[in-house]
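The model is shown first, and my notes follow.

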Amino acid sequence: MMESLNLRHLRSVAAIARLGSLSAAASQVNISQPAVTQGLSKLEAQLGIALFHRLPEGMQPTEAAALLAPRIERALDHIGSPLVTMAQMRALLTLAEGGSYARASAITGLSQPALHRALADLSIVLKRSMVERRGKGIAFTESGRRTVRAFRLARAELRAGLAEVETLKGREVGRIAVGAMPLSRARILPEAVAAFHAQHPEARILVTEGAFADLIEPLRDGDLDVIVGALRDPSPGEDLEQQPLFLDRPAIIGRRDHPLAGGEASLARFAEYPWIASPQGTPLHARWRAMFENAGLELPRVPIECGSVIAIRHILASSEFLAMLSPDQVGLELSTGLLAIIGEVPAELSRTIGITTRSGWRPTRVQAAFLAQLRLVSR
């Protein structure tokens with residue numbers, strides 16, 4: 001539905017909610033009062049819900065407008081110009097996601113000349129170039145990349161606002177897009193998703209797997225709402241917020257009949273065996289290094305550096321390799337006896353598992369319910 005909306009109508013709604021009158025809103029958005037009235041009526045028809053009570057003393061927002069107007073304001077702040085149209089916004093985002101005019105044309109059903117015109121008009125409106133030729137292909141300028149991110153964030157706000165309106169109408173069509181880091185995929189996220197779906201069967205949950213480095217830019221772009229996994233220290237940036245869920249204490253994992261299984265092996269003995277280490281730059285890799293360095297030991301051999309828990313589990317089960325993992329990540333293998341906890345890790349090397357969101361992100365009711373379920377499972 002979002003692509004069928006008119007940004008000018010949305011601006012009018014935000015102005016009416018803020019100013020309380022059609023005439024004042026018309027003056028601010030520089031549109032005639034009849035045009036504002038007509039736009040409001042059309043938008044209410046599209047949404048299937050009244051946005052204002054028409055009273056003698058002015059326009060009083062309904063609950064729907066009270067939810068939608070702040071989202072519109074935030075979206076307009078991201079867009080940055082009252083002259084941008086929804087068609088221009090869609091053209092830029094589709095080109096960014098499709099990677100070419102041909103692909104964007106196939107996605108939108110618009111002709112390539114129409115897309116070229118929309119992007120050219122957008123460049124004129126914003127007074128900056130969006131796209132440049134690179135051989136036979138295209139590339140976004142630095143201004144273009146910033147605009148794509150801003151428009152994606154605007155789109156996320158508008159989608160959230162529309163979802164909240166639908167919830168008011170008794171339809172939970174909202175969605176939450178989750179970036180899942182390795183530990184979260186082992187237990188807490190599947191449990192939270194299953195419990196949440198049982199309570200909100202119409203809501204959509206989109207899960208994207210990856211390492212922190214793969215997920216952080218989609219989060220900043222608004223394509224993800226939240227990342228679940230090990231928190232970063234120091235913080236990844238002022239534009240992001242981190243909230244802890246629980247402390248995870250990793251352990252030294254190996255096959256059940258590993259030569260060091262069942263004993264009280266020293267860390268020096270563990271260092272004699274080959275290890276599978278998490279990729280450098282991850283919190284788990286830093287803790288693995290600290291475990292040996294704090295004990296004054298040389299780092300053991302690391303023939304394999306791997307971030308895939310599935311691959312690590314199979315390698316451990318058929319070799320003398322060791323790895324530092326959360327017991328939750330290999331819970332099934334531990335319960336069946338395929339793998340075993342070979343040694344403990346010092347308590348001070350525990351890591352904080354939590355959620356990362358954009359600073360100032362306002363979850364919808366459905367998204368807030370999912371986060372509440374995630375916190376409940378984590379406890």
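I looked up Arg 187 and found that this residue is partly exposed, with a relative accessible area of 24%, where buried means under 20% relative accessible area, exposed over 50% and partly exposed in between, with a 1.4 Å probe and protein chains only. I worked on a predicted model, in which local features need pLDDT of at least 70 and side-chain atom pairs count only at pLDDT 80 or more, while totals for chains, interfaces and linings use all residues. Residues are numbered from 1 along each chain as its sequence is written, and side-chain values use heavy atoms, with hydrogens and water left out.

Which residue forms a salt bridge with Arg 187? I found Asp 328, with the closest N and O atoms 3.1 Å apart; a salt bridge here is a side-chain nitrogen of Lys or Arg within 4 Å of a carboxyl oxygen of Asp or Glu. The two residues are 141 residues apart, Asp 328 in the loop between strand S12 (322–325) and helix H15 (331–336), and Arg 187 in the loop between helix H9 (182–186) and helix H10 (188–199). Helices (H or I, at least four residues) and strands (E, at least two) are DSSP runs, numbered from the N terminus. Asp 328 is partly exposed as well, at 28% relative accessible area.

Glu 217 is partly exposed at 35%, and Arg 149 is partly exposed at 27%. I also noted that both belong to a network of salt bridges, whose members include Glu 97, Arg 152 and Asp 239.

I then turned to the rings, where a search of the whole structure gave four aromatic pairs; rings of Phe, Tyr and Trp (its six-membered ring) pair if their centres lie within 6.5 Å, and planes under 30 degrees apart count as stacked, over 60 as edge-to-face and the rest as tilted. Trp 275 and Trp 288 have ring centres 6.1 Å apart and planes at 55°, so I logged the pair as tilted. Trp 275 and Phe 292 have centres 5.5 Å apart and planes at 90°, so that pair is edge-to-face. Trp 275 and Trp 288 are both buried, and ring pairs link Trp 275, Trp 288 and Phe 292 into a cluster.
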